[in-house]
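The exercises below go through a structure step by step. Each begins with a task and is followed by a worked solution.

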Protein chains: 2
Amino acid sequence: MKKLLIKKVILNEKQVDILIEGNKFKTISELIEEEADEIINGEGKAILPAFYNCHTHMSMTLLKGLTDEKELEDWLKEDIWPREAKMQPNDIYVASKFAILEMIKGGTVFCNDMYQFPEETMKAIDEMGIRGVVSKPEIDDLLSTPEELEKRKKKVLDFIQYPNPNPNRIIKGISCHSVYTVSPEFLQFYSDLAKKHDMYIHIHACETKNEVNISLKTHGCSPVKHLEKFGLLTDKTILAHCVHLTDEDIDLILKYKTRIAHCPTSNFKLKSGMMAFQKLKEKDVTITLGTDGSASNNSLSMLEEMKVCALNAKTQAQDSKAGHVNDIFKAATINGAKAFGFDAGVIEEGKLADFILVDLNHYLLLPNYNLISNMVYSAQNDCITDVFCDGVQLMKDRKVKDEDKICEEFRIISEKFRKLDNNSNTIG
Amino acid sequence: MKKLLIKKVILNEKQVDILIEGNKFKTISELIEEEADEIINGEGKAILPAFYNCHTHMSMTLLKGLTDEKELEDWLKEDIWPREAKMQPNDIYVASKFAILEMIKGGTVFCNDMYQFPEETMKAIDEMGIRGVVSKPEIDDLLSTPEELEKRKKKVLDFIQYPNPNPNRIIKGISCHSVYTVSPEFLQFYSDLAKKHDMYIHIHACETKNEVNISLKTHGCSPVKHLEKFGLLTDKTILAHCVHLTDEDIDLILKYKTRIAHCPTSNFKLKSGMMAFQKLKEKDVTITLGTDGSASNNSLSMLEEMKVCALNAKTQAQDSKAGHVNDIFKAATINGAKAFGFDAGVIEEGKLADFILVDLNHYLLLPNYNLISNMVYSAQNDCITDVFCDGVQLMKDRKVKDEDKICEEFRIISEKFRKLDNNSNTIG
């Protein structure tokens, strides 16, 4: 196994040496004099766990900035859906690689991704070296014919059979888009499938008041309660958004040890509301953090997400003590890792070596009174110098392998989606 | 006059050459073949106006991250005031230079600053090459003795006599801290002074509900109405925060052409509330943008401030059309320039050459469907490659002159403020 030795790096305000063997932290000690395949000088740098982005649609980076001022429905109908309908598998591959590049540049090494052509997303994740849970969000507008529904089910089954290029870092999951886009029959299908294959389940839940109202009207209960009926609340379920939860919903989430992916920037931008971070935290709900897709953020930076998380927490709770930087940093790291069964998110012997190095002399990290506060409130991507996932270095001195090529390929693809040409079958 | 020629730069989606003569844009044209003292290759870059930070306390960067989870009053009493009491003039000079470095790295070339020892702040602004309005915020706790009040007035008068090291870029203003910290007598003194010397007036107004309630109780009217009584609402007045305005307040602000400095991050972090950006915009109030001091943000990045401004605007108004990226970009640039009488904030012939160049191939600026959207929502400081103020280059390829030295001097000073030692007269 490859041995990597980091010398003189700051961990929790103390200088240490860290030996990584294979994909794990082997030894953390004041002085390590062992031989290693590679030695990294950590002087002037701190080591921190890398970020886990627990709710995103990476390829929506292709749709970033098309318009930021439309009502959700108009935006989806006029700008988003027509373009999504024309996306080809290679577009998803190229866009995913680019989105992962953006995430690595911001210290993120994991995505819980939900989008079309997840086979391509898996390929991109494998090649870029991060971890990810990917799933195929076949939806069902409740008006589908039985034939259409069978066709969609088959697509999901096909994806489950599709070879996983790297089971060590990639997990195939189930996407139930939401209770308003997936029929009861389809929910049951997903639930049976998740149970049979012991899979993670990724669901948008209680994102908007409207969604809750539709559920109350259609199903006679909240979205969370509706999911429970089908056995879709599990300790492998992650509910994205959770802005509008009742106390009963929270009790159900606790009962089933279901996790939440909090997406504060998206919630502000789409005026969905402000999630009760502090209340959920105090009730011991496991909160992870996600950027959502780039089209509704418009960034994949977990640093920015942590800051907006703090701003949301304090204003929502009307409490200065809400949104403690340590709780937010955990939401962005260890809570995400744990939610998906990766023994990472903290720098300790025996844990997976998913980590970043940050430049303690960076102007944005001065004064250095509290590094975690600086990471949550002050840091930007370029404070991070190096990124490692599974013991492998993905960014070195801010450079990611092939980054110019990845950007250029994405730039070319993106030009196709700039303008919609409705008179032809093409985009451009 | 020095001639600077920028070749092949993107302005409003078109490639142009731009000739700067002295401190102004002289010619903007498809092709300029004139001789110049310096030629800059603008290929792959866009030119945009630089940012104007219209409400800040720069030296509070010395207090960044001390704690982010205390109630305002405890935080001020336990962490902030004891340290501020021990700040020496040189601390302010060093901290201001460092804060300006941070601002330049984020494309900001102007500060409307309110803090102690503004003489030192002026020196720092002069040396760093940006523009600024500085003022001496002598307050009066309404319990001061007449002697104390006279002493404070004298300090303000002394500052007005203090030599301005660079009247071209620096303006001395008046700080009325707020209606709850400055007595009626002192307000009148400030008003008379501002009128006599035709000065800008910088006031915190309607930041919190508590402030409004105190004003109603003590003065029988809102803070804005109270300021009007003393002639402190003028077209050279800038009111910071304005979270809690009545319709009558808005009418007064419009009547006197008073400007607002919106500080959304600080308002979220201190749970002060959400300013009605869209309503004020639609009523034609001039909204500028400010970061507030770094201790309540914790950043001086106008890029971050624009994003939080957008998030605040949409959620506050519950309207997706609120907070248009173009309006927000204007608030961060031309509105601020105009508010302080600088003929800048837009790239046009004859205007002051305060501008930035951004790297259009930067991963955060792809896809490039809408550059202004990307600047508001997606950009981070390192998208900005070059910064100019008054025709002078302050940052070149992301390097600011003496930046390592400025950081190191700040780092040394900041160590003195890390811990409070209440048993001695020193900090450290």
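**Exercise 1. Decide how H2(A) and H15(A) are oriented to each other, and list the residues that join them.**

Solution. H2(A) and H15(A) are oblique to each other, because angles under 35 degrees count as roughly parallel, over 145 as roughly antiparallel, 65 to 115 as roughly perpendicular and the rest as oblique. The angle here is about 135 degrees, between helix H2 (residues 89–105) of chain A and helix H15 (residues 403–415) of chain A, and the axes are 9 Å apart. Axes are lines fitted to C-alpha atoms, for helices over the stretch in contact, and angles run from 0 to 180 degrees between N-to-C directions. Helices (H or I, at least four residues) and strands (E, at least two) are DSSP runs numbered from the N terminus.

The model is predicted: local features need pLDDT of at least 70, side-chain atom pairs count only at pLDDT 80 or more, and totals for chains, interfaces and linings use all residues. Residues are numbered from 1 along each chain as its sequence is written, while chains are lettered from A and ligands numbered from 1 in the order in which they are written.

Next, the handedness: H2(A) passes H15(A) in a left-handed crossing (left-handed if the near helix is turned anticlockwise from the far one by less than a right angle, right-handed if clockwise). From H2(A), the contact takes Asp91(A), Val94(A), Ala95(A), Lys97(A), Phe98(A) and Leu101(A); from H15(A), it takes Glu403(A), Ile406(A), Cys407(A), Glu409(A), Phe410(A) and Ile413(A). Two residues are in contact if their C-beta atoms, placed from the backbone, lie within 7 Å. By class, these residues are eight nonpolar, no polar and four charged. Ala, Val, Leu, Ile, Met, Phe, Trp, Tyr, Cys and Pro count as nonpolar, Asp, Glu, Lys and Arg as charged, and the others, Gly among them, as polar.

**Exercise 2. Describe the eight-stranded sheet of chain A and the helices that lie on it.**

Solution. Start with the strand order, which is E6-E7-E8-E9-E10-E11-E12-E13 (chain A) in an open sheet with parallel pairing. Two strands pair if DSSP finds at least two bridges between them. At the edges are strand E6 (51–56) and strand E13 (287–289) of chain A, each pairing on one side only. From one strand to the next, the twist averages 25 degrees.

For one pair inside this order, take strand E8 (residues 131–135) and strand E9 (residues 170–176) of chain A, which run parallel and are joined by four bridges. Opposite Val133(A) stands Ile171(A) in E9(A).

Helix H12 (residues 325–332) of chain A lies across E6, E12 and E13 of chain A and runs at about 70 degrees to E13(A).

**Exercise 3. Characterise the hairpin of E2(A) and E3(A).**

Solution. Strand E2 (residues 14–21) and strand E3 (residues 24–29) of chain A run antiparallel and are joined by five bridges. Leu19(A) stands opposite Thr27(A) in E3(A). Two residues lie between the strands, and Gly22(A) takes a positive phi near 65 degrees.

**Exercise 4. Work out how H12(B) packs against H14(B).**

Solution. Helix H12 (residues 325–332) of chain B packs with H14(B) at an angle of about 70 degrees, and their axes are 9 Å apart. H12(B) and H14(B) are therefore roughly perpendicular. Their crossing is left-handed. On one side are Val325(B), Asn326(B), Ile328(B) and Phe329(B) of H12(B), and on the other Ile372(B), Ser373(B), Met375(B) and Val376(B) of H14(B). This contact has six nonpolar, two polar and no charged residues.

**Exercise 5. State how chain A and chain B are related, and what their interface contains.**

Solution. First superpose the copies, by least squares on the C-alpha atoms of residues with pLDDT of at least 70 in both.

Then count the interface: 45 residues of chain B are in contact with 45 residues of chain A. On the side of chain B that touches chain A, at least two residues each come from helix H2 (89–105), helix H9 (264–269), helix H11 (302–317), helix H14 (371–378) and helix H15 (403–415) of chain B. That side has 15 nonpolar, 16 polar and 14 charged residues. Finally, 100% of the interface residues of chain B are also interface residues in chain A, so the copies meet through the same surface.
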